[in-house]
Amino acid sequence: MSFSSETKAELCRIPMNKTCCARAEAYGVLLYCNTFSPVRIRIVTGSRPVAARLPKLFYKAFRLRFDLLPDSPDVSGKLHLEITDPKKLREIFDAFGYTPGRHISHDINFGLLEEDCCRQAFLRGAFLAGGSVTDPEKRYHLELATPHFKVSRELFALLLDMSFSPKAAPRNANYITYFKQSESIEDFLTTIGAPVSAMKIMSAKVEKHLRSGVNRRVNCDTANLGKAVDAAQEHLDAIRRLREKGMLDALPEKLRETARLRTEHPEATLSELAVLFEPPVTKSCLCHRLRKLDELSR
């Protein structure tokens, strides 16, 4: 199951206690579904929990039943629900203050969304019908798609009024309202009733941050190790040249000791090598001795 499907399943577990909120949620579904016209309502979803919730939601909101319920998914895996009865359609349009005609330009009746709970329910319905959210392991993206331009503009204004910062863009025949920031997506999902999904986004973000930090540390350690290995090899090459020239035994005692310890501990870092001296020397002192060996070998 995709992350988007999991989120919708979580939302579908929210009880429908208040008629006003059920009506607001159904309103969001209708404005973001496939067809909402005076002659037909058609909702197509790939989510079984959504398909199971909608008949209960519409009965709670309007005391109406769908004329067509899905027996099984179509060839593309989608489930279809429809209302075509003129009387039912008229009752639904009346409930939202619409005057049905053959051609209608939908907008949002904000009089139905005066309470915070109804606003949240409306957004939940819009997401269930026309929303999606990307797996946070991949990227951060949540969107709501509607075929109604005015609805998209008014939803944008509603989200601003609720202290969100959405973005908008057209795509084919739809109008998209979307979020790209993880914090905005978390807040939106929490608002519409999906705190578990919001927490998953937070957890994914923390894991990404930790992985990124570990990778940076590993890369840094690898680079430092590479430098240490290269430096050690240069030291060993210098000592080899001194030995081949017969100069090693003639060196001062401190340089001979440095050459001996470097040869015996080729894998040691400078800090590790410095403490092997008797008495231990500073890293700066050791660097000076190793540079001296290199200079004498050339």
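Visitor: Which helices and strands are included in what covers the buried residues of α6?
Guide: This is a predicted model, in which local features need pLDDT of at least 70 and side-chain atom pairs count only at pLDDT 80 or more, while totals for chains, interfaces and linings use all residues. Residues are numbered from 1 along each chain as its sequence is written, and side-chain values use heavy atoms, with hydrogens and water left out. Helices (H or I, at least four residues) and strands (E, at least two) are DSSP runs numbered from the N terminus, and contact means heavy atoms within 4.5 Å. The cover of the buried residues of α6 includes α2 (19–31), α5 (116–130), β5 (142–146), β7 (174–179) and α7 (182–192).

Visitor: Which residues of α6 are buried?
Guide: A residue is called buried under 20% relative accessible area, exposed over 50% and partly exposed in between, using a 1.4 Å probe and protein chains only. In α6 the buried residues are V151, S152, E154, L155, L158 and L159.

Visitor: Why are α5 and α6 called oblique, and which residues of α6 take part in their contact?
Guide: Axes are lines fitted to C-alpha atoms, for helices over the stretch in contact, and angles run from 0 to 180 degrees between N-to-C directions; α5 and α6 pack at an angle of about 135°, with their axes 12 Å apart. Angles under 35 degrees count as roughly parallel, over 145 as roughly antiparallel, 65 to 115 as roughly perpendicular and the rest as oblique, and therefore α5 and α6 are oblique to each other. From α5 come R119, F122 and L123, and on the side of α6 they meet L155, L158, L159 and D161.

Visitor: How many nonpolar residues does the contact of α2 with α5 have?
Guide: The axes of α2 and α5 come within 6 Å and cross at roughly 35°. Among the residues that meet are C20, A24 and G28 in α2 and C117, A121 and G125 in α5. Ala, Val, Leu, Ile, Met, Phe, Trp, Tyr, Cys and Pro count as nonpolar, Asp, Glu, Lys and Arg as charged, and the others, Gly among them, as polar. Besides two polar and two charged residues, the number of nonpolar residues in the contact of α2 with α5 is 13.

Visitor: How are α9 and α11 oriented to each other?
Guide: The axes of α9 (residues 253–264) and α11 (residues 283–297) come within 10 Å and cross at roughly 95°. The two helices are therefore roughly perpendicular.

Visitor: Which residues of α1 are buried?
Guide: Seven of the nine residues of helix α1 (residues 3–11) are buried, so this helix is largely enclosed by the rest of the structure. These residues are F3, S4, T7, K8, A9, E10 and L11.
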